[in-house]
Amino acid sequence: MSGLSRRDLLRLTGGAAALGLSGLVQPVWADTAPCHERPNHCGEWEALAAYIDTEVLPIPDGNPPPFVPGSPETFATLRQPYPPVPVWNPPGPKRVGIQAGHWRYYDSPEELKNNRFNPGTSGGGKAEWEVNLDISQRVVDRLSELGYVVDLLDGTPPIRYRAHLFLSIHADGDVTQQLRGYKVGSARFSATPEADKALCDALWEEYGAVTGLQKQPNQVSNRMTGYYAFNSRRYQHAIAPGVPHAIIETAFLTNPIDREFLFRQPDRVAKGIVDGLRRFLDSIPPSPRISLASGATFGATYTP
Ligand SMILES: [Zn+2]
C-alpha cells in the first residue's frame, strides 16, 4: 500500500486558488517550490499513482459490460465525475502523449473491440487514420526538437497512461460535406476539469490563430467529451485520472476546402497544435513537492 490516506488525498487536491487572466482559467498551484529544495518529499509520484489505481479509481478488469446506445445506466456513468486527484506533474522533463486517432485500429484489444472496425472518416482518397498519423508525426518531431519527452500513441493507449498532457488528434467527417472548421474537447467526467480547460483554451486560440480555420465550439460532440481514451473508469487502456487531456478535430476531411488545407499545409496544422500545447506546458509550474506522510504539505490541482 502507498501509505496515502484519503485525508492526504483530499489535502492534495484541495489547496489551490485560481486567477482569471486574459479570459482564460489560469492554472495555479498551491505549492510551487521545486522538488530539489525538499528532496525527502519528492519521488512519491509513483506511490500516488499506485494509490489512485488501487483505491481511488481502481483499474477495471478489461471486460466492460456492453455499451448500449440509449441505455441510461451506461450514459449516466459518463456524466459522473471522477473523484478529484492531483494534476499529474512529476519532476523531470515534461512528457507528452500524442495519439494518432484510429491508427492501428484493427489491433484494438478485446475491451475496445468496437474500434477494430473504425478507421475513422475518409476523404480525398485517404482514411482518417493516415491523415491523423501524418499530423501526429509532425507534432511529435517538433515537440521532440523542443526537448519534450514525447510518446506517439496509436488508437490504444497504454493501460493507465500518464504524462503531463495527452492529446488525441483526429479529422472530422460529415455526410453533407458542407461542415468546416475545428473543435477541441475534453472529458465531461474529468477529475481535473480546470487543467483540461486551460489546455483546451490554449488549443482553441493557438490552433485557430495559426491555421485560420473556423472555430466550431457549438459542435463539440458527446463522442469527443465521452472519448474512450479518457474513460479510465470503464477501460484499462485509457489515460489515468489526473492527466490533463484534450481531443482535437483538426478540420473536416469530408469538406473539399478543409481537406485541401489538411493535405497541403500539414506543417501549419502541426504548428497550430504545437503552439497550443507549448502554451499549456509553459504554464505548468515547477513540479510541486509531494509527500505521502500526514502533516506534510502537498502539491495542488487547478481549481476555478
Ligand atoms: Zn476520428
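This is a short tour of one protein model, stop by stop.

**The whole chain**

Start with everything shown. The model is predicted. The protein has eight helices and nine strands. Of its 304 residues, buried ones make up 44%. Now think about contacts between residues at least 6 apart in sequence: 83% of them join residues at least 24 apart.

**Stop 1: helix α4**

Select residues 128-145, which form helix α4. This helix has 18 residues. From its first C-alpha to its last, α4 reaches 26 Å, close to the 26 Å expected at 1.5 Å a residue.

Next, colour the buried residues of α4. They are Glu128, Trp129, Val131, Asn132, Ile135, Ser136, Val139, Val140 and Leu143. Turn the view to look down the axis of α4: these buried residues fall within an arc of 165°, so they line one face of the helix.

Step just past the end of α4 to Gly147. Its phi is positive, at about 100°.

**Stop 2: where α4 meets α8**

The crossing of α4 past α8 is right-handed.

Show the side chains at the meeting place. From α4, select Asp134, Ile135, Arg138, Val139, Arg142 and Leu143. From α8, select Pro266, Asp267, Val269, Ala270, Ile273, Val274 and Leu277, which those α4 residues meet.

**Stop 3: Ile273**

Centre on Ile273, in helix α8. Is Ile273 buried or exposed? Ile273 has 27 C-beta neighbours inside 10 Å, and the cut-off for buried is 20 or more, so Ile273 counts as buried.

Set aside the neighbours within four places in sequence, and Ile273 is in contact with Val139, Tyr207 and Ile248. Val139 is one of the buried residues of α4. Now draw a distance from Ile273 to Thr250, 23 residues away along the chain. Their C-alpha atoms are separated by 8.9 Å.

**Stop 4: helix α2**

Move to α2, residues 45-56. Which residues of α2 are buried? They are Leu48, Tyr51 and Ile52. Looking down the axis of α2, you find them within an arc of 100°, so they line one face of the helix.

**Stop 5: Pro66**

Pro66 is exposed: it has 7 other C-beta atoms within 10 Å. Pro66 and Glu111 are 45 residues apart in sequence, yet 9.7 Å apart in space, C-alpha to C-alpha.

**Stop 6**

Most residues other than glycine have a negative phi. Two residues here are worth a look.

Select Arg104, in the loop between β3 (95-100) and β4 (122-123). Arg104 is not a glycine, but has a positive phi of about 55°. This residue is partly exposed, with 16 other C-beta atoms within 10 Å.

Then select Gln177, in the loop between β7 (165-172) and β8 (183-185). The phi of Gln177 is also positive, near 65°. Gln177 counts as partly exposed, with 15 C-beta neighbours inside 10 Å.

Conventions
Residues numbered from 1 in each chain as written. Predicted model: local features only at pLDDT ≥ 70, side-chain atom pairs only at ≥ 80, totals over all residues. Helix = DSSP H or I, 4+ residues; strand = E, 2+ residues; numbered from the N terminus. Expected span 1.5 Å × (residues − 1). Buried ≥ 20, exposed ≤ 12 C-beta atoms within 10 Å, placed from the backbone. Arc of directions from axis to C-beta. Left-handed = near helix turned anticlockwise from the far one by under 90°. Contact = placed C-beta atoms within 7 Å.
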